[in-house]
Amino acid sequence: MGKFVRPKTQEELQEREAVGVIRASRFIRKIVKTKSGVDLNCVYEIHKQIFNDVRPDIAGVLRKTEISITHSKHHPMHYSKVPEAMELMGKELSEKLDSLKIIPKMAVSGFVKLNKAELKMIQKVVKVVAW
């Protein structure tokens, strides 16, 4: 791979971001197919896939400086708070995914009364959301 050259125009930047989003969606489909699960490392890899051709210096890593987003009302949190926020998000994500997995088990064990069609539908939803 050659030396990185920053995008010269807004159009080139958007094109590279679009290619990155396509690459990230392929990565996500791979995760779904392999059922390898979602965690913070997966989130960082998605970020890397999107921004690697735009800003490889920030792609897939926590930022270490304060930033602002041009032409946006969004004000990102202070960089010093990002690691703790990401750790919390990772814990919440794990808890939510774990709670989704228990619904079919509860139905099978009789805690929740569902007919076969309802159980099958819930299992499909859990499969899609959890992976």
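What pattern does the protein follow when read along the sequence? The pattern is α-α-α-α.

**Figure 1. Overview of the predicted model.** The protein has four helices and zero strands; helices (H or I, at least four residues) and strands (E, at least two) are DSSP runs, numbered from the N terminus. This is a predicted model, in which local features need pLDDT of at least 70, side-chain atom pairs count only at pLDDT 80 or more, and totals for chains, interfaces and linings use all residues. Residues are numbered from 1 along each chain as its sequence is written, and side-chain values use heavy atoms, with hydrogens and water left out. Of the 131 residues in the protein, 18% are buried (buried means under 20% relative accessible area, exposed over 50%, partly exposed in between, with a 1.4 Å probe and protein chains only).

**Figure 2. Helices α1 and α2 in contact.** Two packed helices are described by the angle between their axes and the distance between the axes. The axes of helix α1 (residues 10-34) and α2 come within 6 Å and cross at roughly 145°; axes are lines fitted to C-alpha atoms, for helices over the stretch in contact, and angles run from 0 to 180 degrees between N-to-C directions. Contact means heavy atoms within 4.5 Å. Residues making this contact include Gly 20, Ala 24 and Phe 27 of α1, and Ile 46, Gln 49 and Ile 50 of α2. The residues of the contact divide into nine nonpolar, two polar and four charged (Ala, Val, Leu, Ile, Met, Phe, Trp, Tyr, Cys and Pro count as nonpolar, Asp, Glu, Lys and Arg as charged, and the others, Gly among them, as polar).

**Figure 3. Gln 49 in helix α2.** Helix α2 spans residues 40-51 and contains Gln 49. This residue has a relative accessible area of 16%, so Gln 49 is buried. Leaving aside neighbours within four places in sequence, Gln 49 is in contact with Gly 20, Arg 23, Ala 24 and Phe 27.

**Figure 4. Pro 56 in a loop.** Pro 56 is found in the loop between α2 and α3. Its relative accessibility is 32%, so Pro 56 counts as partly exposed. Not counting residues up to four places away in sequence, Pro 56 touches Phe 4 and Phe 51. Pro 56 and Arg 6 are 50 residues apart in sequence, with 9.5 Å from C-alpha to C-alpha.

**Figure 5. Pro 83 in helix α3.** Pro 83 belongs to helix α3 (residues 82-108). Pro 83 counts as partly exposed because its relative accessibility is 40%. From C-alpha to C-alpha, Pro 83 and Lys 64 are 9.8 Å apart, and 19 residues separate them in sequence.
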